[in-house]
2 protein chains.
Amino acid sequence: MSIFAGQGDAGRSMALLWAPRAQATGSSPGPKPTLSVEAIVEAGIAVADADTLAGLSMRTVAQRLGRSSMALYTYVPGKAELLDLMYDRVHAEMPPARNLGGSGGDLGGGPDGGPDGGWREAVTAWARELWSLYLRHPWVVQVSYARPVLGPNEQAVMEQLVGILYGAGLDAGTLRGTVTALFHFVRGTAQTVAEARLAAAATGVSDQEWWAGRSALLSELAPDFAERFPMSARLAGETAAGHGDGAVQDPPGDDAVPYLERQMDRTFTVGLTVLLDGIEAAVRGCG
Amino acid sequence: MSIFAGQGDAGRSMALLWAPRAQATGSSPGPKPTLSVEAIVEAGIAVADADTLAGLSMRTVAQRLGRSSMALYTYVPGKAELLDLMYDRVHAEMPPARNLGGSGGDLGGGPDGGPDGGWREAVTAWARELWSLYLRHPWVVQVSYARPVLGPNEQAVMEQLVGILYGAGLDAGTLRGTVTALFHFVRGTAQTVAEARLAAAATGVSDQEWWAGRSALLSELAPDFAERFPMSARLAGETAAGHGDGAVQDPPGDDAVPYLERQMDRTFTVGLTVLLDGIEAAVRGCG
DNA sequence: GTCGAACTCCTTATGGCGTAAGGTATTATC
DNA sequence: GATAATACCTTACGCCATAAGGAGTTCGAC
């Protein structure tokens with residue numbers, strides 16, 4: 001219901017994120033720990049994957065581990081820090097960087113509009129991988145991104161992109177803005193799809209039915225919609241009617257990939273192309 | 001702490017958002033209402049502006065109005081719907097569309113790289129206005145955007161952008177992806193600044209101090225950072241050292257506009273330029 | 001072998017939250 | 001005046017994070 005705001009003690013989170021395995025002390029009095037930060041983080045991820053972030057509580061996580069909620073506080077300072085750890089951990093699923101984008105590019109540049117090519121593919125692959133990661137763990141995109149508490153795994157994801165863009169020839173200033181734009185674009189589109197899936201699963205209403213009901217309701221409540229918002233109406237009309245999009249031509253009954261997801265996949269591709277073209281212009285400007 | 005997921009009953013929210021003033025029934029038995037949906041929404045916005053979304057509760061909103069929390073339920077179905085209304089309402093602060101982007105553009109196109117120009121300025125103005133709106137109400141960017149329950153005011157903001165881009169000559173498909181990319185970019189950058197301000201206000205530590213402490217901690221916890229993440233290290237070095245950026249040249253002691261905000265302003269400008277260049281490529285492709 | 005310290009894990013309690021249930025006072029129509 | 005509808009209230013329930021403190025376990029030191 002509410003929103004994440006101030007992710008707990010940053011110092012504690014950073015220590016847990018970056019310290020290899022705490023201190024490897026030989027032995028110490030007291031009972032051996034039967035849990036571990038890792039196990040708790042994994043349990044938290046499992047809960048969030050199954051139940052969304054709303055279902056994530058210290059109790060539910062502990063329950064999955066057969067403990068009381070307070071047992072977790074021995075390992076983890078609190079819920080906010082646990083979420084930090086979960087967030088970083090899922091980024092470990094990102095495949096390792098392919099060796100693209102090195103400055104000694106072996107792909108020849110085209111003569112006119114033809115780009116170097118290598119970095120475009122690399123950025124596209126990066127974006128698609130991140131997108132699918134987000135869709136595997138939809139709760140991740142609901143964790144506030146304005147969080148300079150970067151963990152090693154998220155940092156590695158950044159490292160990939162920064163490397164690709166440096167390889168493409170961008171300077172530091174342009175690179176920063178580009179990274180920001182790309183990141184937020186992937187996050188935003190993934191969030192839309194993720195929440196659509198969530199809503200469909202929770203209510204049992206498919207995207208198409210939902211949208212149909214919604215626009216019926218809207219045209220009843222705001223019959224003058226097309227006059228008040230002519231451009232939006234035009235856009236809705238041209239998209240729905242299918243100006244050669246897949247909307248009409250696709251085989252009906254393909255519910256495995258619902259309507260909105262197909263549309264978002266197109267939106268993703270188109271938006272990414274716009275971004276890549278913009279980067280290309282910057283590359284030409286820098287080079 | 002947690003995250004917004006499934007914004008209450010969409011139908012009820014839509015009715016409240018789009019119905020002009022409910023039903024203007026002549027009269028009815030029972031005491032006169034002393035509150036109104038509008039007053040509640042405004043109180044909610046005031047609370048969220050002052051206290052962040054974490055401080056927003058039915059109790060706090062009611063307190064500001066001198067009522068009990070349950071009194072609000074007479075006017076508003078629940079907290080989720082109230083948040084929907086608050087979200088849409090703040091978008092009413094967006095200034096009305098300037099008459100730019102019409103297909104009969106009166107600004108002459110430049111000879112070579114020079115664009116039509118009109119739509120670039122219009123998009124920039126739109127983005128900057130939305131950015132500053134988000135910074136006036138930082139909690140807005142924490143409300144999940146993957147929410148097709150558009151209210152009239154947010155719809156108007158969209159209408160502006162769609163109009164501008166249609167005027168620039170984009171087709172519907174490209175337009176969708178572009179709108180998405182622009183929206184998420186503005187949201188994301190605003191979120192970063194908003195949360196930095198929040199953190200600074202909450203902890204009393206300035207951006208610069210905070211970052212200094214953070215990187216000290218990081219270099220202690222991960223002394224091999226530069227080897228593990230060479231590209232990120234390079235980016236950090238080139239940004240901080242100031243390759244002709246403002247970082248060094250700016251007058252010291254200008255705490256009114258903190259370090260991170262100046263940097264984010266640059267990032268915003270650069271990222272927007274990349275996006276505009278990408279759009280321009282699409283315009284050329286379409287035209 | 002025994003003691004004390006360190007450690008894990010538990011139960012309990014506190015103060016928050018959204019909101020369901022039901023009571024009371026007010027104000028219209030009949 | 002009776003009746004019904006309405007606004008607002010108090011109370012209560014079941015969640016939540018987590019503070020406080022107790023019980024049991026395991027080590028090093030003697």
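Start by selecting Glu280(A), which is buried at 9% relative accessible area (buried means under 20%, exposed over 50%, partly exposed in between, with a 1.4 Å probe and protein chains only). Before you click on, note that this is a predicted model, where local features need pLDDT of at least 70, side-chain atom pairs count only at pLDDT 80 or more, and totals for chains, interfaces and linings use all residues. Residues count from 1 along each chain as its sequence is written, chains are lettered from A in the order written, and side-chain values use heavy atoms, without hydrogens or water.

Arg120(A) sits in helix H5 and Glu280(A) in helix H12, 160 residues apart (helices are DSSP runs of H or I, at least four residues, numbered from the N terminus). Arg120(A) is buried too, at 17%.

Next, pick Arg284(A), which is exposed at 52%. Its salt bridge to Glu280(A) has the closest N and O atoms 3.3 Å apart. Show Asp277(A) as well, and you have the network of salt bridges linking Arg120(A), Asp277(A), Glu280(A) and Arg284(A).

Finally, color by chain. Here 72 residues of chain A are in contact with 72 of chain B, contact meaning heavy atoms within 4.5 Å. How many salt bridges cross the interface of chain A and chain B? The rule finds zero.

Terms used:
Salt bridge = Lys/Arg side-chain N within 4 Å of Asp/Glu carboxyl O. Helix = DSSP H or I, 4+ residues; strand = E, 2+ residues; numbered from the N terminus.
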